[in-house]
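The sequence and the structure are shown first, and the description follows.

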Amino acid sequence: ETYVTVGDNDPTLTKDCLEYYASLYLDGNDPENPLISPLFGDVSGFPPSLIFVGSSEILLDDAARIHKKLRESGSKSSIYIAKNMWHAYILYGVSPSSLNHSQIGNFIKDVVR
């Protein structure tokens, strides 16, 4: 749904861009093949995951779906949705990213223990 509802607000990705790169990645294969997308496979036993996504990001629904699937499989997953942020906002040094960098550091420390 966010491909349509958020698509024009994400300055880094567009639906057309994603469809183009997906077609290259798929190379004619079934997009629901679990070897292509973990959304269609068994994710039980996956390692802990930390997901950052912007509320204005075209991939918001995808991030929420994989987070939900991981949690339902018994895997540990955390998701942080940054208000009014776009795809990969964390790389641009904008306001929430410094807090997110701390969260990433804490996540890594917890996983390594």
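Helices (H or I, at least four residues) and strands (E, at least two) are DSSP runs, numbered from the N terminus. The structure is a predicted model, in which local features need pLDDT of at least 70 and side-chain atom pairs count only at pLDDT 80 or more, while totals for chains, interfaces and linings use all residues. Residues are numbered from 1 along each chain as its sequence is written, and side-chain values use heavy atoms, with hydrogens and water left out.

## Overall architecture

The protein contains four helices and two strands, arranged along the sequence in the pattern α-α-β-α-β-α. Its C-alpha trace spans about 40 × 35 × 20 Å along the principal axes. Of its 113 residues, 33% count as buried; this term means under 20% relative accessible area, with exposed meaning over 50% and partly exposed lying in between (1.4 Å probe, protein chains only).

Contact is taken as heavy atoms within 4.5 Å. Among contacts with a separation of 6 or more, 68% join residues 24 or more positions apart. Accessible areas come from the Shrake-Rupley method with a 1.4 Å probe, and for residues only the protein chains shown count as cover.

## Charges and salt bridges

The protein carries 9 positive and 14 negative side chains, and the centres of the two sets lie 13 Å apart. In this count Lys and Arg are positive and Asp and Glu negative, whereas His and the chain ends are not counted. Each charge is placed at NZ of Lys, CZ of Arg, CG of Asp or CD of Glu.

Three salt bridges are present in the structure, each defined as a side-chain nitrogen of Lys or Arg within 4 Å of a carboxyl oxygen of Asp or Glu. They are listed below.

| Salt bridge | N to O distance |
|---|---|
| K15 and E19 | 2.5 Å |
| D62 and R65 | 3.9 Å |
| K68 and E72 | 3.9 Å |

K15 and E19 are separated by about one helical turn because they stand four residues apart in helix α2. K15 is partly exposed, with a relative accessible area of 36%, and E19 is likewise partly exposed, at 40%.

In helix α3 (residues 60–72), D62 and R65 are three residues apart, so about one helical turn separates them. D62 counts as partly exposed at 22% relative accessibility, and R65 counts as partly exposed at 42%. K68 and E72 are four residues apart in helix α3, again a separation of about one helical turn. E72 is exposed, its relative accessible area being 60%.

## A nonpolar surface patch

On the surface, Y20, Y21 and L24 form a nonpolar patch with about 360 Å² of accessible area together. Patches are made of residues with over 30% relative accessible area and no salt bridge; like charges are joined within 9 Å, and nonpolar side chains (Val, Leu, Ile, Met, Phe, Trp, Tyr) within 5 Å. Y20 belongs to helix α2 (residues 15–26) and is partly exposed, with a relative accessible area of 47%.

Y3 is located in helix α1 (residues 2–5) and counts as partly exposed at 28% relative accessibility. Leaving aside neighbours within four places in sequence, Y3 is in contact with K15, L18, I58, L59 and D62. Y3 and T14 are 11 residues apart in sequence, and their C-alpha atoms lie 7.9 Å apart in space.

S56 is found in the loop between β1 (49–54) and α3. With a relative accessible area of 14%, S56 is buried. Not counting residues up to four places away in sequence, S56 touches V6, N9, D10, N84, M85 and W86.

S97 sits in helix α4 (residues 95–112) and is buried, with a relative accessible area of 2%. When residues up to four places away in sequence are not counted, S97 touches Y89 and I90. S97 and A82 are 15 residues apart in sequence and 9.1 Å apart in space, C-alpha to C-alpha.
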